[in-house]
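Please examine the sequence and the three-dimensional structure shown here before reading on.

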Amino acid sequence: MIDIKISKVSNSRHGEVDFSNLVFGKEFSDHMFIADYDGKEWKNFRIQPYGPIPLSPSLSCMHYGQAIFEGMKAYRAIDNTIQIFRPYDNFKRMNESAERMCMQPVPEEVFIEGLKALCRMDSNWIPSNEGSALYLRPFLIATDDFLGIHPSSNYMFMIYGCSVGAYYNKPLKIKVETEFVRAVKGGVGEAKTAGNYASAMYATHIAEKEGFHQVLWTDAFEHKYLEELGSSNVFIVSGKTLITPASNGTVLKGVTRDSVIQLAKKYGYTVGERPISIDEVIELDKNGLLDEAFATGTAATVSPICELSYKGVSIHIKPKENSIAAELKSHLENIKRSKEEDVFGWNEKVVMTQTS
Ligand code: COI
């Protein structure tokens with residue numbers, strides 16, 4: 001058990017927030033968790049009011065990009081208890097990213113107890129209405145105060161919370177990207193590192209100007225095989241079969257992606273994790289066999305795609321009343337709120353009585 005020093009906000013912002021109308025990414029909860037690594041040990045565990053932190057201009061993360069993060073959500077179950085969805089999976093992925101980016105891994109108890117302590121502290125920021133949650137953002141940055149390229153010795157690990165509603169409110173119009181590249185085998189595509197998001201912005205910005213919500217990345221060599229979809233994973237549905245690009249080093253191993261795969265199998269669908277070419281998707285459409293496409297992610301949850309545009313030609317996918325995407329989303333959301341049995345053991349309860 002780690003010893004967390006707590007300093008509380010004097011004026012909570014809670015009363016200023018309209019929890020029935022949450023916009024994604026704007027309503028940060030009152031507190032944040034911080035831990036420091038000094039080259040030898042993790043220490044200074046603290047919860048303090050959410051707000052700016054002093055940073056040196058030569059901080060290595062700001063120049064050489066040693067910065068990784070995670071995203072998960074805490075929910076209010078129907079019995080009013082609090083639970084975090086699959087935090088151990090995010091913990092594992094964070095340290096895989098740390099290894100790839102040559103950063104100091106975060107101990108499990110720091111990650112999990114930090115999350116739980118923040119949820120306890122800001123439990124009133126965890127909304128109960130459908131489609132909303134407290135998004136938890138753990139992140140790790142290199143904090144060496146030094147000019148020169150080498151792995152940092154010092155690190156700061158932080159977690160903040162943000163009360164959120166839906167990330168996407170509409171079915172998605174997607175541009176299949178054939179010019180720019182997100183990731184290449186041997187690169188850092190599988191790591192949840194800040195640079196991956198920075199490098200995606202230019203192509204996404206162009207796509208947005210053309211009227212799309214997101215880009216669907218393709219492989220770096222032929223621009224033929226589907227990879228990730230903006231900040232989420234992608235699934236294609238034909239009949240009772242779901243296919244999603246295999247995670248082979250260039251695709252983020254999404255926790256929601258994995259949850260959807262497990263749920264789909266449970267409900268009798270066939271799931272293929274394998275290379276999917278854009279030609280295969282076009283062929284399915286031509287033969288009337290492209291039934292659905294959807295995005296999965298912590299923020300996106302399960303979001304239907306209504307258009308895939310490839311080299312200026314669009315495939316339109318009609319929204320369906322009883323879609324597989326909607327069925328799987330509903331099971332997922334029900335499990336997160338304990339409306340349905342959590343047979344996979346995904347929910348991690350936050351016990352409110354602990355002091356840390
Ligand atoms: C997430 O889904 O957690 C992400 O990191 C994506 C971001 C757009 C919020």
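The paragraphs below treat the domains, the interface they share, and a set of charged side-chain pairs.

The structure is a predicted model. Its protein chain is assigned two domains, with domain 1 covering residues 5-165 and domain 2 covering residues 172-336. Taken over C-alpha atoms, the centres of domain 1 and domain 2 lie 27 Å apart.

How many residues of domain 1 are in contact with domain 2? On the side of domain 1 there are 22 such residues, and they touch 22 residues of domain 2. Between them, the two domains bury about 1,800 Å², and carbon and sulfur atoms account for 56% of this area. Within domain 1, the residues that lose the most area to domain 2 are F69, F85 and R93, which together make up 32% of what that side buries.

The polar side of this interface can be described as well. Two salt bridges are found across the interface of domain 1 and domain 2, and 13 residue pairs are in polar contact across it, with both residues at pLDDT 80 or more. On the side of domain 1 that touches domain 2, the elements giving two or more residues are β4 (67-69), β5 (72-76), β6 (82-85) and α2. Of these, α2 gives the most, with six residues. By residue class, the side of domain 1 that touches domain 2 consists of nine nonpolar, five polar and eight charged residues.

The salt bridges of the model form the next topic. Their count comes to 18. One of them joins the side chains of E96 and K253, with a distance of 3.9 Å from N to O. This pair links distant parts of the chain, since E96 belongs to helix α2 (residues 87-100) and K253 to the loop between β13 (241-244) and α5 (255-266), 157 residues apart. E96 is partly exposed, at a relative accessible area of 34%, and K253 is likewise assigned to the partly exposed class, at 35%.

K253 also takes part in a salt bridge with E190, in which the closest N and O atoms are 4.0 Å apart. Here too the pair links distant parts of the chain: E190 sits in the loop between β9 (172-176) and α4 (194-209), and 63 residues separate it from K253 in the loop between β13 and α5. E190 has a relative accessible area of 28% and is therefore partly exposed. These residues belong to a network of salt bridges that links K92, E96, E190 and K253.

A further pair can be examined in helix α7. E333 forms a salt bridge with K336, and their closest N and O atoms are 3.2 Å apart. Why are E333 and K336 separated by about one helical turn? The two residues are three positions apart in helix α7 (residues 324-336), so about one helical turn lies between them.

Terms used
Residues numbered from 1 in each chain as written. Predicted model: local features only at pLDDT ≥ 70, side-chain atom pairs only at ≥ 80, totals over all residues. Heavy atoms only, no water. Helix = DSSP H or I, 4+ residues; strand = E, 2+ residues; numbered from the N terminus. Buried < 20%, exposed > 50% of the residue type's maximum accessible area, 1.4 Å probe, protein only. Domains from an automatic or database assignment. Contact = heavy atoms within 4.5 Å. Buried area = accessible area lost by both parts, 1.4 Å probe. Polar contact = N/O pair within 3.5 Å; in protein donor to acceptor, adjacent residues only side chain to side chain. Nonpolar A, V, L, I, M, F, W, Y, C, P; charged D, E, K, R; others polar.
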